[in-house]
Amino acid sequence: RMKRPSPYIKQLDRAILLSVEDALRIDPRVNAANPVVTVANGVVTLSGAVDTLYAKRAAEADALNTTGVWKVNNQLQFRYRSFPSDGEVERMIRDVLARDTELHDQQIQVIVDDNHVDLSGRVETAGQRVRADNVVAQVEGVLTLENRIKVSTKTDPVDDVDIAAAINDELFWSPYVDSGTINVAVKDGRTVLKGHVANRFVARIA
């Protein structure tokens, strides 16, 4: 009975603008960057300069998470006068990975080419894979990042039916996702989600 009649709630552009600006201001990942926000028909455009790829991603996520927003044009630039060299970026990445309590003993390879970073290798958990992505994205001089790290699970294999049931349960209880519009298929541990959702944020949450 508490469910919204529609997963998408239309908001006035002015209300969206104020909400996005508030979200960016209180988010410690991006508040120092002070991006410029404009809104037209529910489409948010972010411009200005940020310090890291991590801040750029966080600003886009804050905007997407705002009610009434259905699309974000992320035009944020990096404020570097000149980019650090590939060698410097690679050294900083290896240093931050070596000092990280969760990642220092993982098998992560780093390649930097024209400030574009490629991560590969293996970690023990999906959380470590995400953490590596976030940690590296905060390094100065990282322009783009491709995460090709694989997860080497040490747990006993789980039946596909049990995996599908667990995913459906998570979707059912999510406050963001209408599980009735999503079909879950699992084969050999690989999951495919089909159906329709209100926006890209909900798709990412699913």
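This is a predicted model: local features need pLDDT of at least 70, side-chain atom pairs count only at pLDDT 80 or more; totals for chains, interfaces and linings use all residues.
Local features here need pLDDT of at least 70 and side-chain atom pairs count only at pLDDT 80 or more, while totals for chains, interfaces and linings use all residues. Residues are numbered from 1 along each chain as its sequence is written, and side-chain values use heavy atoms, with hydrogens and water left out.

Student: What is the order of the strands in the open sheet of three strands?

Tutor: Strands (E, at least two residues) and helices (H or I, at least four) are DSSP runs numbered from the N terminus, and two strands pair if DSSP finds at least two bridges between them. Strand S1 (36-40) and strand S4 (71-74) each pair on one side only, as edge strands. The pairing in the sheet is mixed, and the order is S1-S2-S4.

Student: Which strands does helix H2 touch, and what angle does its direction make with that of S4?

Tutor: Axes are lines fitted to C-alpha atoms, for helices over the stretch in contact, and angles run from 0 to 180 degrees between N-to-C directions. Contact means heavy atoms within 4.5 Å. Helix H2 (residues 53-64) packs on the sheet, where it touches S2 and S4, and its direction makes with that of S4 an angle of about 155°.

Student: Why is H2 described as roughly perpendicular to H4?

Tutor: Angles under 35 degrees count as roughly parallel, over 145 as roughly antiparallel, 65 to 115 as roughly perpendicular and the rest as oblique. The axes of H2 and helix H4 (residues 126-137) come within 7 Å and cross at roughly 115°. H2 is therefore roughly perpendicular to H4.

Student: Which residue in the turn between S10 and S11 has a positive phi?

Tutor: Strand S10 (residues 182-187) pairs with strand S11 (residues 190-195) in the antiparallel sense over six bridges. Lys194 in S11 is the bridge partner of Asn183. The hairpin has two residues between the strands, and the positive phi, about 55°, belongs to Asp188.

Technical notes:
Buried means under 20% relative accessible area, exposed over 50%, partly exposed in between (1.4 Å probe, protein chains only).
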